[in-house]
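Hi everyone, thanks for coming.

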Amino acid sequence: MPSTSEVTVDGVVYPTLTEALANIPAGGTVTLTEDAASVGCKAVSGSDFTIDLNGHGMLIENPTTGSPGTETLGFQLLKGSKVTFKNGVLTSEDAKILIQNYCDLTLDNCKLIGTPTNLYVLSNNFGNVVLKNGTEIIAEGNNVAFDLYYGMSKVYDDGVTVTIADDSVKIKGRIEYGKADRADAALFAERCKLITPVGYSLEIPEGYEWEDNGDGTQILKAKAAA
């Protein structure tokens, strides 16, 4: 893949994804015109955009992004944002986490292809995440395909939900489901939700099981003590 590639935002051409996201209007769409590469990118709080990969692939290269001192992410999507990736492939041989998510995120016919470097392909600490329409998340080896992590700080105590919307979604790799030591166990059980269609096949953490919601979906719950 090239190290840079032109992308368009509602018909306006930008030389890099970083510049496109810096200029995108609320509700705007970045569209790839070919396979591309980019440095790590951030969705600042309050962002609202779609990245339409348009049948192409995007490789995230160094320098990666993140909070000061932990710039190891392909994408950092901050709380209060609404982001959609669709119709293509994201991968990185440099990021430790391909997407670090704190926002309302939709993956629509989007493939996240993990590499040995990606300890987590998709990490979710806050917000509502929807995986749908042929989306795939693939982790290498013993790496994590996706996680739900609750209560890392007070500002994230409203919780995180990941919904696998349909049976066309494919997950390969470990799933992690947990909370910070500071977080209340009862709130964790209430506000950290993994939801799938009833009967969906997914390897889940030990000590958990599916509970039927009665509406065609099931939710991950801790097994009752024997």
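Before we start, a word on burial: a residue is called buried under 20% relative accessible area, exposed over 50%, and partly exposed in between, using a 1.4 Å probe and protein chains only. What you see is a predicted model, where local features need pLDDT of at least 70 and side-chain atom pairs count only at pLDDT 80 or more, while totals for chains, interfaces and linings use all residues. Residues are numbered from 1 along each chain as its sequence is written, and side-chain values use heavy atoms, with hydrogens and water left out.

Let's begin with the whole chain. The protein chain has 2 helices and 21 strands; helices (H or I, at least four residues) and strands (E, at least two) are DSSP runs, numbered from the N terminus. Of its 226 residues, 48% count as buried. Along the principal axes, the C-alpha atoms fill a box of roughly 60 × 35 × 35 Å.

Now, the salt bridges. How many does a search of the whole structure find? The search finds 2, a salt bridge being a side-chain nitrogen of Lys or Arg within 4 Å of a carboxyl oxygen of Asp or Glu. In general, side chains of opposite charge can pair when their charged atoms come close.

Arg182 is partly exposed because its relative accessible area is 43%, whereas Asp157, at 18%, is buried.

There is also a salt bridge between Glu176 and Arg174, whose closest N and O atoms are 3.4 Å apart. Glu176 is partly exposed at 26%, and Arg174 is partly exposed at 34%.

Finally, please find Ser45, in the loop between β5 (41–43) and β6 (48–52). Is Ser45 buried or exposed? With a relative accessible area of 53%, Ser45 is exposed. Beyond its neighbours within four places in sequence, Ser45 is in contact (heavy atoms within 4.5 Å) with Leu78, Lys79, Gly80 and Ser81. Ser45 and Ser81 are 36 residues apart in sequence, yet 5.4 Å apart in space, C-alpha to C-alpha. A polar atom of the Ser45 side chain also lies 2.7 Å from the backbone oxygen of Lys79.

Conventions. A polar contact is a pair of N or O atoms within 3.5 Å; within protein, one must be able to donate a hydrogen and the other to accept it, and residues adjacent in sequence count only if both atoms are side-chain atoms.
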